[in-house]
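User: I've got a model open and I'd like to know where its labels come from. Can you take me through them?

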Amino acid sequence: MNLSLLLEMSASTLEDRPAVTSGSRTLSYAQLDAAARRCAAKFLSMGATGVVYCGTNDASFPIAVFGAAYAGLPFIPLNYRLGEEQLQPLVEANLGAVIIAETAKVPGADPAMVVLRSTLLDAEFSTAADVELPAFVDPEDVAIVLYTSGTSGTPKAALLRHRHLTAYVIGTVEFAGADPEQAALVTVPPYHIAGLANLLSNMYSGRRIVYLESFDAQVWLDTIRNERITQAMVVPTMLARVVQLLDGSPAGAPSLATLSYGGARMPLPVLEQALELFVGTGFVNAYGLTETSSTIALLGPEDHDAAFAGDPVAKVRLGSVGKVLPGIEVEVRDEDGSVLPVGEPGLVFLRGEQVSGEYESGSVVDAEGWFPTKDRGWIDQDDYLFIEGRADDTIIRGGENIAPAEIEDVLRRHEAIIDAAVVGIPDDEWGQQIAAVVVMRPGASVSVDELHDYCQLHLRSSKTPYRIEFRDELPHTPTGKLLRREVLADLLG
Amino acid sequence: MDIKAGSRLACPECSVELVVVRPPSSPVALTCGGVEVVEAAADRPGGGHADASGDGTLVGKRYADEDSGIEVLCAKPGPGTLAADGREVPIKGAKPLPSSD
């Protein structure tokens, strides 16, 4: 199995059904497939060893992804917003690859290998290339190289082989299972695993993808209404902006059957408001990592509905990531590697066909196939998985393990607070002390003492922040992951 | 014939095309409408099956034979029905999940 087969099957079965829309242009499955094959031939005629994509989210993205797959070349999406200093080493690490970019000048690139993104959509592109595409692409070959967002340091190149990604798609998506009128709105960036997994799943299911080049809450809502979007995926910061824009009025998006979210931890207050405003929409929480070919656990619409209806157990589970997908195994272990019983928090390990756990520097999967996610979490008696956050972010205060997310959730529930970050700062007596940095809602007012009392009321005293500071905003990655190390550096600096 | 993961197989007599998801753990004769499948690039005379009994093979469905371990995905449908050493190969059930992406 390789990625190009996913599109090939849809193209031969669905033919003229619309596959992808960006702006005023829509390509059918057959047109997308033809464009991808033309690009594959062009890439091979250029002698490329890979396909770097350094551009925005539009129809040229699927053409490049499947073009790379047809050519049997790894696809390497980079964040086109990176500054020259960060982009250049990534470009230089992939010399020999064709670079699809927004402008002809890319720092560190061989000009002969740069292709303007806009030209991928030209029917004339590469028609001169008389190259035969490989008849067999080994499922063991690397399909996608993704630089992980690196909330804790320098980005690492994660490798996903064709077999990992196709296992995910054929194991979770029914081929051509979407009705012809279904359409998915995509705003997650092309260099994120969610953007790639989303593309593959939607193309295999026969659903049209509508791309927005950048996220704007009003444009997002307008597009759902105008394009009659049935499926959408957002990261928490996007949903927070939509909820803020709606300001208590209904979303007015009756076509939206499913709204899925993931990429970072969703603040509960945002989710609860969204559930109220999106009437008739089913919510799905998807948890996964780059190294697991995206989603490995889901909290489905029924769980969200039950929580919204007030079921106390379901309300607790709204803070979980749901149950793992069929074919995925999960274990929670302590620091010594012993498997922990139900309900006890520890390190989360995963195993399954879609799990790669491999980087350019080597694999971190153990002999039995288990991948250490480095997330801390626990499983309840009905197999719901709760993720507390990154193990590296855990605060150890006087020997007690404290998950920052729990304290952040409490702070975000305060009416004057819109965002919060909790970190551990070095302390001679306790090892670490809890510090909180909060962002006040515009026009609101609250004092440090008031917040302190509020935390003591809602948290055990050992979890009450010792230090609380105000900032105008907090540092996040493009997908909404909080950059705690920057918060910490700011506090210590 | 070497059946490895990712290999493309085809029925010589009908339109069925398959992709190997999991190779067999022991040698097996995979047939479509009673005729042994061939590599997709091989000569395919076509003409249809003399015996077209069975449900045929459906595009996008996975077919898995427990005894030999072989699992294939149907990339192109056809009237021929798959069998492994004469045993009909059942569709591997997949529970559709709510759309997460």
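Analyst: Helices (H or I, at least four residues) and strands (E, at least two) are DSSP runs, numbered from the N terminus. This is a predicted model, where local features need pLDDT of at least 70 and side-chain atom pairs count only at pLDDT 80 or more, while totals for chains, interfaces and linings use all residues. Residues are numbered from 1 along each chain as its sequence is written, chains are lettered from A and ligands numbered from 1 in the order in which they are written, and side-chain values use heavy atoms, with hydrogens and water left out.

User: How do you know that β12 of chain A pairs with β13 of chain A?

Analyst: DSSP has to find at least two bridges, and 4 bridges join β12 (residues 258-261) of chain A to β13 (residues 282-289) of chain A. The two run parallel, with S260(A) opposite V284(A) in β13(A).

User: What makes β2 and β15 of chain A edge strands?

Analyst: The open sheet has 9 strands in the order β2-β1-β10-β9-β11-β12-β13-β14-β15 (chain A), with mixed pairing. β2 (25-28) and β15 (323-324) of chain A each have a single partner strand, so one side of each lacks a neighbour in the sheet.

User: Why is α3(A) called roughly perpendicular to α6(A)?

Analyst: Axes are lines fitted to C-alpha atoms, for helices over the stretch in contact, and angles run from 0 to 180 degrees between N-to-C directions. Helix α3 (residues 60-71) of chain A and helix α6 (residues 193-205) of chain A cross at roughly 85°, their axes coming within 11 Å. Angles under 35 degrees count as roughly parallel, over 145 as roughly antiparallel, 65 to 115 as roughly perpendicular and the rest as oblique, so α3(A) is roughly perpendicular to α6(A).

User: Which residues of α3(A) and α6(A) meet?

Analyst: With contact meaning heavy atoms within 4.5 Å, F61(A), P62(A), V65(A) and F66(A) in α3(A) meet G195(A), L196(A), L199(A), L200(A) and M203(A) in α6(A).

User: What makes β20 and β21 of chain A a pair?

Analyst: 5 bridges join β20 (residues 371-379) of chain A to β21 (residues 385-390) of chain A, and the strands run antiparallel.

User: How confident is the predictor in chain A?

Analyst: On the pLDDT scale (the predictor's confidence in each residue, from 0 to 100), chain A has a mean of 93, and 98% of its residues reach 70 or more.
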